[in-house]
Amino acid sequence: MCTNLFRSIRQPERKMAAFGRFSQVLLRSSLIQTRRQLSAAAGHGEQSGKTWKILTFVVALPGVGVCMLNTFLKEQHHSHEQPEFVPYTHLRIRSKRFPWGDGNKSLFHNPHVNPLPDGYEGHE
């Protein structure tokens with residue numbers, strides 16, 4: 001009776017083990033197939049280099065140019081007014097002075113964009 005009990009307990013384990021082996025075989029074969037496809041697409045020798053050179057000049061450089069033009073045109077239509085200063089208590093807290101300059105401005109301080117704790121510079 002004990003052996004029948006152990007056999008019935010081990011039955012699902014055998015199925016799971018078989019399923020695990022089957023899934024590993026499938027995964028391994030799909031990885032091998034993917035590697036073959038990628039290595040075939042990469043090409044060999046001079047033809048591969050020529051393809052990437054053409055793609056660089058025909059796709060990449062014009063893409064960078066279009067992005068630069070888009071940025072330039074959007075900047076032309078952008079308003080250059082400073083937003084209204086709101087002195088929130090949790091922003092621009094200075095517990096100790098910065099070790100450069102007058103100690104109140106951050107390292108990359110821009111007076112048109114970054115307000116000091118008491119407001120923008122040159123106003124009021």
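Me: What share of the contacts in the chain with a separation of 6 or more comes from residues 24 or more positions apart?
Reply: The model is predicted. Its secondary structure comes to two helices and zero strands. Among contacts with a separation of 6 or more, the part from residues 24 or more positions apart is 33%.

Me: What percentage of the residues counts as buried?
Reply: Buried means under 20% relative accessible area. Tyr120, at 12%, is counted as buried. Of the 124 residues in the chain, the buried part is 6%.

Me: Which helix holds Trp52, a residue of the nonpolar surface patch?
Reply: The patch is made by Trp52, Ile54, Leu55, Phe57, Val58, Val59 and Leu61. Trp52 has 55% relative accessibility and therefore counts as exposed, the cut-off being over 50%. The helix that holds Trp52 spans residues 45–76 and is α2.

Me: How many residues apart in sequence are the parts that the pair of Phe85 and Tyr120 ties together?
Reply: Two aromatic pairs are found in a search of the whole structure. Phe85 and Tyr120 form one that is edge-to-face, with 6.2 Å centre to centre and 75° between the planes. Both residues lie in the segment after α2, so the separation in sequence of the parts tied together is 35 residues.

Me: What is the angle between the planes of Phe98 and Trp100, and how is the pair classed?
Reply: A pair of aromatic rings is described by the distance of the centres and the angle of the planes. For Phe98 and Trp100 the centres are 5.3 Å apart. Planes under 30 degrees apart count as stacked. The angle here is 15°, and the class is stacked.

Me: Which residue forms a salt bridge with Lys105?
Reply: Side chains of opposite charge can pair when their charged atoms come close. A search of the whole structure finds one salt bridge. Its closest N and O atoms are 3.3 Å apart, and the partner of Lys105 is Glu121.

Me: How many residues apart in sequence are the parts that the pair of Lys105 and Glu121 ties together?
Reply: Lys105 is partly exposed, with a relative accessible area of 27%. Glu121 counts as partly exposed at 27% relative accessibility. Both lie in the segment after α2, so the parts tied together are separated in sequence by 16 residues.

Me: With which side chain does the side chain of His109 make a polar contact?
Reply: His109 lies in the segment after α2. Leaving aside its neighbours within four places in sequence, His109 is in contact with Asn114, Leu116 and Glu121. The polar contact has a distance of 2.4 Å, and the partner side chain is that of Glu121.

Me: What distance separates the C-alpha atoms of Tyr88 and Pro117?
Reply: Tyr88 has its place in the segment after α2. Tyr88 is partly exposed, with a relative accessible area of 47%. Tyr88 and Pro117 are 29 residues apart along the chain, and their C-alpha atoms are separated by 9.1 Å.

Technical notes
Residues numbered from 1 in each chain as written. Predicted model: local features only at pLDDT ≥ 70, side-chain atom pairs only at ≥ 80, totals over all residues. Heavy atoms only, no water. Patch = residues over 30% accessible without salt bridge, like charges linked within 9 Å, V, L, I, M, F, W, Y side chains within 5 Å. Areas by Shrake-Rupley, 256 points an atom, 1.4 Å probe, with all protein chains shown as cover. Salt bridge = Lys/Arg side-chain N within 4 Å of Asp/Glu carboxyl O. Helix = DSSP H or I, 4+ residues; strand = E, 2+ residues; numbered from the N terminus. Buried < 20%, exposed > 50% of the residue type's maximum accessible area, 1.4 Å probe, protein only. Polar contact = N/O pair within 3.5 Å; in protein donor to acceptor, adjacent residues only side chain to side chain. Contact = heavy atoms within 4.5 Å. Phe/Tyr/Trp six-rings, centres within 6.5 Å; stacked < 30°, edge-to-face > 60°.
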